[in-house]
Amino acid sequence: MATINLHFEKLLSNLQPPDDRLKAARDLPPLIRNYLKDCSSFPTIEPHTRLAGSYAQHMSSGDVKDVDILVRLDGTPAENDPPAKQVIKDLYNALSKLTKLPDALGEWQVGQVEAELEIERARRSVHVYFKNHDFHLDLVPCIAPNGFDAQLFVPDRGYNEWVGSHPLGYVALLNDLNNQHKGKVKKLGILLKHFRNYQMQQRKPKSYWLGAMLVEHVQNGKLDMTCPLPVLFGDLLNCIYNQFAATLGIQDAVPHIKDPILGHDVSPNWQRTHFETFMRRVKESRDWANTALEDWEAGNQEDAIAGWQKIFGGDEEGYFISKLDDEFVKSIVAPALPGVSFVSSQGQLVSTKPSTGVYTPVKPTKFYGHEQK
């Protein structure tokens, strides 16, 4: 199992966003914030904007092409003031001006702004596309009476009302769970999203839904978080399938996924055909994962790797690589060597001592397997 763990670490490394995408995710939000701060046609209030979504959670998988940004405005959500339906239109109009202001955001040229204004159950955001960098921003207007760190409200155009949400509370919950379980929770989240992206070109469930599924099974104790990552991922797929199997057996039914923080249904628009496709992919990949784990335990390494490649993609795509290079193996193994690593108060092993927190160096040893005298 030790070697298959290294293959999973390599997969996670391969799923890290490229530097140019990280640059866009870092540089664009402040420019948009400053633009909206000075935009009289769509007044916002301090601190104006905040990152949300996978990038803010540090759970991006693969080539990051979009970032979610909350845009804060004043209002009274219980009175639908300002009207939720109108807010989307107003934000769309404000951002559409960027297509006619080529110098407004420096090197970042806006190619298109979309909001699906004529669709009854439209998205709650305005989508901005940057043509020179093939990058996207989704801007979500919100009313945050007590700031971004508390419950806030986002527009539901279809029902013309403001609905509760707590995206940063979700980020905090993920961070807590991840720290409790030695970094495995976010790794599972990245793997789950990559599984979705690789297995489903269309009809994809939203990333927030996947995150809610993950959090539920970590919290309800269905996952033994002491297990290695390959076992955990197979168990997670099994938990998800078993959770929704009864709903799959009911004609036209779809599951209700609970918000991890507020408890309301976050998947009211999940279509039955999309749900069925997701369940087929989960079942197939669960079975492949079980077989791959059995092959590995039996010493059939090549068959095991081929099984994981069915789930995640293989050498051709640059995901689950058949052969690990020596430098990568050394980079993973080195932090565990005595004398060059540190242990945190939570039991996490790191290769360099962080500037904050209590970390104890692993003591060097001269014991090499024989009895010392």
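Helix axes are lines fitted to C-alpha atoms, for helices over the stretch in contact, and the angles between them run from 0 to 180 degrees between N-to-C directions. Helices here are DSSP runs of H or I with at least four residues, strands are DSSP runs of E with at least two, and both are numbered from the N terminus. The model is a predicted one, so local features need pLDDT of at least 70 and side-chain atom pairs count only at pLDDT 80 or more, while totals for chains, interfaces and linings use all residues. Residues are numbered from 1 along each chain as its sequence is written, and side-chain values use heavy atoms, leaving out hydrogens and water.

To start with the overall picture, the protein chain has 11 helices and 10 strands. Buried residues (under 20% relative accessible area, with exposed meaning over 50% and partly exposed in between, using a 1.4 Å probe and protein chains only) make up 46% of its 373 residues. Contact means heavy atoms within 4.5 Å. Among contacts between residues at least 6 apart in sequence, 61% join residues at least 24 apart.

Next come the cores. In soluble globular proteins, nonpolar side chains tend to be buried together. A nonpolar core is taken as a set of buried Ala, Val, Leu, Ile, Met, Phe, Trp, Tyr and Cys residues joined through side-chain atoms within 4.5 Å. The largest one holds 53 residues, and F195, M213, F233, F278, W308 and F312 touch the most other members. Two or more residues come from each of helix 1 (2-14), helix 5 (167-180), helix 6 (184-199), helix 7 (207-219), helix 8 (229-248), helix 9 (272-297) and helix 10 (301-312). Helix 8 is the top contributor, giving 10 residues. As for F278, leaving aside neighbours within four places in sequence, its contacts are F195, M200, P205, L210, M213, I240 and W270. Another core lies apart from this one, with 32 residues that include L91, V113, V126 and F135.

Back to the helix pair. Helix 9 and helix 10 pack at about 160 degrees, their axes 8 Å apart. Angles under 35 degrees count as roughly parallel, over 145 as roughly antiparallel, 65 to 115 as roughly perpendicular and the rest as oblique, so these two helices are roughly antiparallel to each other. On the helix 9 side, S285, W288, A289, A292, L293, D295 and W296 do the meeting; on the helix 10 side, the partners are Q301, D303, A304, I305, G307, W308, K310 and I311.

A few single residues are worth a look. K10 sits in helix 1 and is buried, at 17% relative accessible area. Not counting residues up to four places away in sequence, K10 touches I321, L324, D325 and F328. L105, in the loop between helix 4 (84-96) and strand 3 (110-114), is buried too, at 4%. L105 and P30 are 75 residues apart in sequence, yet 9.9 Å apart in space, C-alpha to C-alpha. H166 is placed in the loop between strand 7 (161-165) and helix 5, and counts as buried at 13% relative accessibility. Beyond residues up to four places away in sequence, H166 touches D149, A150, Q151, I261 and L262.

Lastly, the cysteines. With a disulfide taken as a pair of cysteine sulfur atoms within 2.5 Å, the count is 0. C227 is buried, with a relative accessible area of 17%, and C239 is buried at 13%.
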